[in-house]
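Q: Please take a close look at the salt bridges of this model, and at what surrounds them in the fold. I would like one connected account.

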Amino acid sequence: MEKQFEYIEKIKEDNLRYAEQNGARRRAFVMTFGCQQNEADSEKIAGMAEAMGYDICEEPSAASLIVVNTCAIREHAEQKALSVIGQYKHLKNKDPELIIAVCGCMVTQEHRVNEIKFSYPYVDFVFGTSSIHRLPELIFEKKRLSKRLYCPEEAEYLVAEGIPMKRKAGARAWVSVMYGCNNFCSYCIVPYVRGRERSRTREAVYAEVKELIEKGYKDITLLGQNVNSYGKDSGYDYDFADLIAYLDTIEGDYMLHFMTSHPKDATKKLVDTMAEGKHIAHHFHLPMQSGSNSVLKEMNRRYTFDAYMEKVDYIREKMPDAVITSDIMVGFPGESEEDFEDTLKALRRARFDMIYSFIYSPRKGTPAAELEEQIPENVKSARFERLLATQNAISLEMNKPLEGKTIRVLCDGRSKNNSSVFSGRTEGNKIVFFDGEDTDTGKFLNVTIERADTFALYGKIVK
């Protein structure tokens, strides 16, 4: 980063000269697709842009620099990103000095880089997930050379500390504790586009979380493709449970969440640490993916359904109030009707508060994409509807007992869909709607739940 700060200063000087000559500052627009890790990366992109003298704007038409941070988890996410990039052609025609960059997981794949190169000639440079910190260098080189740049993935995936960040407004913040994945689930592109696991030091994570709490952030989510692997790659004498126990010692009024956990690595020690903690939310997101052992084996998940349920049962034993959520995939290649029925049975046994459900999407370069028994789209869609119907009934059953109870809620402000009401989330990340005041935003409130629906709770603030 020391080298990058030299580029930051040079670009900042250029932008200051531009502002003096034109009476207006250059602006940057960052478009983000994908997961919370991408959101955290975009906060670094915006932070570096601001350090270089750009004002961050909300509309691409107002920008001198556009950065599109892409996702590769499903085909739909990639197509959506490409569609948006296509819409920027007219902006480049209007302003040839506009710099357009594409980064993130999608362009870590060679075939997508080639597609950008030949089908989107107005994109100035491309860089992958290992090169986020090199944004200042790439902008400087683009301005100096006036040619398109294709930044190769770093020879060694490293952890760059000290990157400026521009956090989104609100009381919630994301903190990456590690990057990459070593699991190689047969359907997943992440290990190929995010590299091998590498952990930040607990001192660096502690300092960042402590600073956020001192600035007034109330909900800190620790991020990693598999947070349970934290520390294993570096030979640290502490693991993820030790990390959150260490963070829990920070003084203040806040909650700690984390995601995502791989079931094979979710330990009793982690659950015990959560149960004993002062600030660690009793919310465990534990992706199951399928209730069929044969499908789990083909997915290379490395656990059985019974082993998974032992984890769930232990969480509920130690934290009876825990909210447990999961990821479920339907239509994995070779999934039979019996396999799918096992997944429905698993939902009834596990009784998740909520699931994030997905229809399998082939990812080029993954083993599952090469399997012959691809499930027809109409079969996948029909199973998806049955999955949702089953889980929706369970979610409602899990929410109904909350009626009449008073729950602590972090207020996010006015609802995006209805500005006459306010919304917030519980410790278990359940959405709550209530009447409030603008001064409630960013505060913990006690809300009595008057009505519970499948996807949300409705209540009244207890003064």
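A: The side chains of Lys3 and Glu137 form a salt bridge, with N and O 4.0 Å apart; the term stands for a side-chain nitrogen of Lys or Arg within 4 Å of a carboxyl oxygen of Asp or Glu. Because Lys3 belongs to helix α1 (residues 2–22) and Glu137 to helix α6 (residues 135–145), the pair ties together parts that are 134 residues apart in sequence. Helices (H or I, at least four residues) and strands (E, at least two) are DSSP runs, numbered from the N terminus. Lys3 is partly exposed at 45% relative accessibility, whereas Glu137 is buried at 11%. Here buried means under 20% relative accessible area, exposed over 50%, and partly exposed in between, with a 1.4 Å probe and protein chains only.

The model is predicted: local features need pLDDT of at least 70 and side-chain atom pairs count only at pLDDT 80 or more, while totals for chains, interfaces and linings use all residues. Residues are numbered from 1 along each chain as its sequence is written, and side-chain values use heavy atoms, with hydrogens and water left out.

The salt bridge count comes to 42. One of them joins Glu115 and Arg112, at 2.6 Å from N to O. These two residues are three apart in helix α5 (residues 110–119), so about one helical turn separates them. Glu115 is partly exposed, at 24% relative accessibility, and Arg112 is buried, at 6%.

Another salt bridge is that of Asp219 with Arg172, whose closest N and O atoms are 2.6 Å apart. This pair links distant parts of the chain, since Asp219 is in strand β10 (residues 219–223) and Arg172 in strand β7 (residues 172–176), 47 residues apart. Asp219 is buried at 4% relative accessibility; Arg172 is partly exposed at 24%. Salt bridges with shared partners also join Glu43, Glu161, Arg167, Arg200 and Glu208 into one network.

Helix packing comes next. The axes of helix α8 (residues 202–214) and helix α9 (residues 240–247) come within 10 Å and cross at roughly 35°. Axes are lines fitted to C-alpha atoms, for helices over the stretch in contact, and angles run from 0 to 180 degrees between N-to-C directions. The crossing of α8 and α9 is right-handed, meaning that the near helix is turned clockwise from the far one by less than a right angle. On the α8 side the contact is made by Arg202, Val205, Tyr206 and Val209, and on the α9 side by Leu243, Tyr246 and Leu247; contact means heavy atoms within 4.5 Å. By class, the contact has six nonpolar, no polar and one charged residues. Ala, Val, Leu, Ile, Met, Phe, Trp, Tyr, Cys and Pro count as nonpolar, Asp, Glu, Lys and Arg as charged, and the others, Gly among them, as polar.

Now the sheets. An open sheet of three strands runs in the order β12-β13-β14, with parallel pairing; two strands pair if DSSP finds at least two bridges between them. Its edge strands, β12 (283–285) and β14 (354–359), each pair on one side only. From one strand to the next the twist averages 15°. Three bridges pair β12 with strand β13 (residues 323–330) in the parallel sense, and His285 has Thr325 of β13 as its bridge partner. Helix α14 (residues 377–399) packs on this sheet, touching β13 and β14, and its direction makes about 180° with that of β14.

Elsewhere, strand β17 (residues 431–434) and strand β19 (residues 457–461) pair in the parallel sense over three bridges, with Tyr458 of β19 as the partner of Phe433. Strand β18 (residues 444–452) pairs with β19 in the antiparallel sense over five bridges, and Ala452 has Leu457 of β19 as its bridge partner. β18 and β19 form a hairpin with four residues between them.

A few backbone details remain. Most residues other than glycine have a negative phi, and most peptide bonds are trans. The peptide bond from Met259 to Thr260 is cis, with omega near 5°, and Thr260 lies in the loop between β11 (255–259) and α10 (268–276). Ser146 has a positive phi, near 55°, and sits in the loop between α6 and β6 (149–150). Ser146 is exposed, at 58% relative accessible area. Arg302 also has a positive phi, about 65°, in the loop between α11 (293–298) and α12 (305–318); Arg302 is partly exposed, at 46%.
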